[in-house]
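Open the model in your viewer and keep the selection tool at hand. The tour goes stop by stop.

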Amino acid sequence: MKIKILLFLLLFFQTSFGQTVFGKWKTIDDETGEAKGIVEIFEHKGKVFGKIIEIFEHNKKHLKCEKCQDDDRNKPILGLIIIKGLVKSANGYDSGKITDPKNGKSYHCKMTLDGKDKLIVRGYIGISLFGRSQTWIRLK
């Protein structure tokens, strides 16, 4: 009986305190190592999305995504949904897209947690081998 209670408590605490990708993340540029802004990751209709909610460089807060495609073209970068349609997988989240507001291009995207406060965000073309990763830091 004690073993059953112990197993129940273990499973309860694992699921109750398990970390998710949802929340606010400080983005770190993979080329310069500088913090660029804050992206809020949220769920909508069972899929994962990420929206730019803060830009640290004051002179870039007013910019629009002139090079973006489709509906995102000429939208303000501040407030732009750059992560679209990721789904939960065995190793994290994948099968979605990420847009780079600097060049307006969209890439395949996958995300995995590295501990509880680091998020590895990878954008790639074709297969994951051909891409770039950034490490984002969870805001408390």
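**Before you start**

This is a predicted model, in which local features need pLDDT of at least 70, side-chain atom pairs count only at pLDDT 80 or more, and totals for chains, interfaces and linings use all residues. Residues are numbered from 1 along each chain as its sequence is written, and side-chain values use heavy atoms, with hydrogens and water left out.

**Stop 1: Asp-29 and Lys-102**

Select Asp-29 and Lys-102. Their side chains form a salt bridge, with N to O at 3.2 Å. The term means a side-chain nitrogen of Lys or Arg within 4 Å of a carboxyl oxygen of Asp or Glu. By this rule there are nine salt bridges.

Now show the secondary structure. Helices (H or I, at least four residues) and strands (E, at least two) are DSSP runs, numbered from the N terminus. Asp-29 sits in the loop between β1 (23–28) and β2 (35–44). Lys-102 sits in the loop between β5 (92–99) and β6 (106–113). The two residues are 73 residues apart, and the pair links distant parts of the chain.

Which of the two is buried? Asp-29 is, at 6% relative accessibility. Lys-102 is exposed, at 55%. Buried means under 20% relative accessible area, exposed over 50%, and partly exposed in between (1.4 Å probe, protein chains only).

**Stop 2: Arg-132 and Glu-31**

Stay with the loop between β1 and β2, and pick Glu-31. The Glu-31 side chain meets that of Arg-132 in a salt bridge, N to O 3.7 Å. Arg-132 lies in strand β8 (residues 131–138), so the pair ties together parts that are 101 residues apart in sequence. Glu-31 is exposed, at 56% relative accessibility. Arg-132 is partly exposed, at 38%.

**Stop 3: Lys-75 and Asp-72**

Move to Lys-75 and Asp-72. They form a salt bridge whose closest N and O atoms are 3.9 Å apart. Lys-75 is partly exposed, with 37% relative accessibility. Asp-72 is buried, with 9%.

**Stop 4: Arg-122**

Select Arg-122, in strand β7 (residues 118–124). What is the nearest side chain of opposite charge to Arg-122? It is Asp-30, 7.8 Å away. Arg-122 is buried yet has no salt bridge. For charge, Lys and Arg count as positive and Asp and Glu as negative; His and the chain ends are not counted.

Next, show the surroundings of Arg-122. Leaving out residues up to four places away in sequence, Arg-122 touches residues including His-108, Cys-109, Lys-110, Phe-130 and Arg-132. Contact here means heavy atoms within 4.5 Å.

**Stop 5: Cys-65 and Cys-68**

Finish at the one disulfide in the structure. It joins Cys-65 to Cys-68, S to S 1.8 Å; a disulfide is a pair of cysteine sulfur atoms within 2.5 Å. The torsion about the S-S bond is about 65 degrees, so the disulfide is right-handed. Both ends are buried: Cys-65 has a relative accessible area of 0%, and Cys-68 has 1%.
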